[in-house]
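The sequence and the model are shown first, and a description follows.

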Amino acid sequence: MSDLLIKNGRVVDPSQELDATVDVLILDGKVSALKSGIDASAHPGIRVVDAAGCVVTPGWVDMHTHLRDPGFSHKETIQSGAMAAAAGGFTSIACMANTKPVNDNPFVTSYIYQKASSCDVNVYAIGAITKGLEGKQLAEIGSMFEAGIVGISDDGATVQDSYIMRKALDYSRKFDLVVISHAECTCLKGLGVMNEGVNSTRFGLRGNPKAAEEVIVARDILLAELTGARLHIAHVSTAGSVRLLREAKAKGIKVTGEATPHHLILTDDAVGNYDTNTKVAPPLREQVDVDALIEGVKDGTIDALATDHAPHSVTEKKLNTITLRSGW
Amino acid sequence: MGPSKPLLNLMDVTARNVLGIKSILGTELLKKHHIEQILDCAFYFKAIRNRKAQFPKSLSGKNAVMLFFEPSTRTRSSFALAAKNLGGNTVVLTKEASSTGKGETLVDTARTIEAMQPDILVLRHPSAGSPHHIDRALGIPVVNAGDGFHEHPTQALLDLMTLKEFKGDFSGMRVLIVGDIAHSRVARSDIYALQTMGAKVSVCGPPTLLPPQIEALGVTAYTDLKKAVRDQDVVMVLRIQLERLNPAQNPSGGEYARFYGVSTETLKHCKPDVLIMHPGPVNRGVELSPDVVDGPRSVILNQVGNGVFVRMAIFHLLTGGEAVHEGTMV
């Protein structure tokens with residue numbers, strides 16, 4: 001079971017600058033050889049996979065997912081999320097803190113690791129920045145660190161109070177924890193459900209301007225500079241954010257950024273059929289932003305690709321006749 | 001609810017309909033020939049009324065269900081009269097009256113109604129795109145009677161009918177829309193329909209109430225009303241819903257009236273034969289001064305009257321009625 005021979009695949013592993021068609025021999029669960037023409041007959045009974053035409057890589061890491069457990073197991077559980085990750089080639093994933101109860105204390109962190117221990121992939125917990133994601137009081141960051149969190153974030157509930165954010169960045173330095181910012185100014189976002197631009201005007205939907213993201217990216221970069229803490233900007237979606245990130249890196253500020261596949265591929269044109277599945281946070285932007293993100297990935301301004309895997313149930317994405325709370 | 005099985009096949013509906021389109025979701029989706037066919041039919045019905053003759057009972061034995069999830073007086077009664085004039089039946093379901101609506105998805109509500117086998121569905125809903133969802137789920141024609149800030153196509157069509165009546169030809173016609181453009185479905189539908197017919201459309205309002213990149217739709221945007229009205233053939237004034245605006249969008253009703261209210265003073269900057277239109281209901285003294293509402297340039301009540309004929313035309317054509325025009329013999 002733990003012995004495997006993967007033949008004829010294009011093996012890509014940036015950590016050792018490898019990009020070649022070689023065979024991969026796995027014995028006892030560990031890679032024991034990477035070379036051409038490994039003979040299966042030398043290993044009686046070994047499972048052989050012909051990977052001709054396929055890319056073979058080390059397991060992928062998704063640093064931004066939502067596993068909905070505890071509290072929203074009708075959407076996802078740690079188990080089902082881990083299985084989805086494995087099916088997509090990910091062997092390590094990190095999950096955000098917006099569960100119910102929120103992962104803002106070591107008990108919830110321990111619960112996540114206990115559930116994760118029986119999963120097929122490595123699951124890492126990200127703790128909340130503030131208690132209950134309310135943006136008012138720091139969560140028990142140190143205790144959660146001892147329980148194993150790998151970063152802190154209030155994700156979708158961006159810390160709006162700049163003083164709290166500054167103190168969170170300060171406090172994180174003691175544990176060398178990265179602070180992950182879902183950059184979105186609640187006031188500027190307003191009731192926006194899609195990118196603000198010509199398409200929101202055409203479709204008659206309220207817009208969420210790019211500036212709502214960029215003012216927080218700029219603020220958090222300034223606070224990272226002030227505090228010397230490690231800042232990571234989640235799901236960068238605008239050309240302006242890429243520019244801010246590039247400039248901050250050039251100044252030596254400790255900031256990194258990620259982009260999602262959907263922001264790299266889709267634009268807000270996709271919202272035109274009023275399919276509520278095109279509603280994401282941050283919203284799908286415009287072609288200039290997609291182009292800037294791709295440029296950012298190429299020149300290293302964007303450090304990571306992350307999915308922001310955030311399942312909702314099918315019913316929740318349907319329009320309720322009267323309230324319309326869901327869906328949009 | 002089980003798998004989606006429209007009771008009518010979409011192809012059957014379009015094949016039996018001279019417009020060749022199943023539903024009226026918005027004017028952005030209408031071609032010039034669609035608009036011309038609808039207006040021809042509306043003028044035909046108006047001619048019958050003017051002769052005091054009998055309308056054809058092309059909706060006889062047919063049922064129109066009207067789902068109104070937002071308050072409406074004139075649009076709702078206009079649709080109801082239109083259906084009755086053609087011998088059809090109407091059932092109105094409002095937000096308050098539809099107990100089925102509680103916790104139900106919009107598409108489930110629509111499918112429940114479709115199971116009762118109506119012939120056409122009219123929908124007003126506060127969410128943009130809701131008629132599009134319903135149209136995809138159902139086999140019967142759907143008429144959008146207003147979806148959020150998005151579109152209100154029958155209002156635009158009655159505006160076009162009124163303009164055609166008073167001005168004759170759309171090509172080169174200059175139309176200005178004044179007011180809260182950002183939150184107006186009437187503005188969007190009028191912009192698309194007028195442009196399709198060859199008119200030149202401009203908009204005017206406070207910068208806080210002009211939607212982002214509105215000029216990308218091919219309109220000229222003004223913030224100065226006196227400049228904007230110059231050389232316009234038509235000034236279409238929108239209802240300003242002060243109670244819906246937040247204080248950052250408009251400081252006060254008085255200030256709005258001062259800069260964007262259309263009054264006799266404004267008319268001095270207009271062409272002498274300018275037409276003043278308004279989709280109603282009017283806030284007298286806010287967006288329009290009372291003397292202009294009741295004055296000789298106002299065609300507001302003509303708009304209301306034409307609304308019935310336009311909606312009759314839509315019922316007639318979407319449910320399989322023949323193409324007709326003013327000269328068609330009854």
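Where is Pro281(B) found? Pro281(B) sits in the loop between strand E9 (275–277) and helix H11 (290–293) of chain B. Helices (H or I, at least four residues) and strands (E, at least two) are DSSP runs, numbered from the N terminus.

## Basis of the description

The model is predicted: local features need pLDDT of at least 70 and side-chain atom pairs count only at pLDDT 80 or more, while totals for chains, interfaces and linings use all residues. Residues are numbered from 1 along each chain as its sequence is written, and chains are lettered from A and ligands numbered from 1 in the order in which they are written.

## Overall form of chain B

Chain B contains twelve helices and nine strands. Its C-alpha trace spans about 55 × 50 × 30 Å along the principal axes. The radius of gyration of chain B is 20 Å, which agrees with the value near 20 Å for a compact globule of 330 residues; this radius is taken over C-alpha atoms, and the globule rule is 2.2 Å times the number of residues to the power 0.38.

Of the 330 residues in chain B, 49% are buried. A residue is buried if 20 or more other C-beta atoms, placed from the backbone, lie within 10 Å of its own, exposed if 12 or fewer do, and partly exposed in between. Among contacts in chain B with a separation of 6 or more, 76% come from residues 24 or more positions apart; two residues are in contact if their C-beta atoms, placed from the backbone, lie within 7 Å.

## Nonpolar cores

The largest nonpolar core has 96 residues, of which Ala42(B) and Leu121(B) touch the most other members. Helix H12 (residues 300–318) of chain B gives the most to this core, with ten residues. A nonpolar core is a set of buried Ala, Val, Leu, Ile, Met, Phe, Trp, Tyr and Cys residues joined through C-beta atoms within 7 Å. Leaving aside residues up to four places away in sequence, Ala42(B) touches Met161(B), Asn306(B), Phe309(B), Val310(B), Met312(B) and Ala313(B). A second, separate core of 59 residues includes Ala97(A), Ile152(A), Val178(A) and Ala224(A).

## A parallel sheet and its helices

In chain B, four strands form an open sheet in the order E2-E1-E3-E4, with parallel pairing. Two strands pair if DSSP finds at least two bridges between them. Strand E2 (89–94) and strand E4 (142–147) of chain B are at the edges with a single partner strand each, so one side of each has no neighbour in the sheet. Strand E3 (residues 120–125) of chain B is joined to E4(B) by four bridges, and Val122(B) stands opposite Val143(B) in E4(B). Helix H3 (residues 74–85) of chain B packs on the sheet and touches strand E1 (63–68), E2, E3 and E4 of chain B; its direction makes about 175° with that of E1(B). For such angles, axes are lines fitted to C-alpha atoms, for helices over the stretch in contact, and angles run from 0 to 180 degrees between N-to-C directions.

Helix H4 (residues 106–115) of chain B has buried residues Leu106(B), Thr109(B), Ala110(B), Arg111(B) and Ile113(B). Their cover includes E1, E3 and helix H5 (130–137) of chain B. H5(B) is mostly covered, with six of its eight residues buried, and the cover of these includes H4, E3 and E4 of chain B.

## Backbone features

A cis peptide bond joins Gly280(B) and Pro281(B), with omega about -10°. In chain A, the peptide bond from Lys100(A) to Pro101(A) is also cis, with omega near 0°. Pro101(A) lies in the loop between strand E7 (90–95) and helix H2 (106–116) of chain A.

Asp231(B), a residue other than glycine, has a positive phi near 65°. This residue lies in the loop between H8 and strand E8 (234–237) of chain B and counts as partly exposed because 13 C-beta neighbours lie inside 10 Å.

## Contact between the chains

Between the two chains, 19 residues of chain A are in contact with 28 residues of chain B. Helix H6 (residues 198–203) of chain A gives the most to the side of chain A that touches chain B, with five residues.
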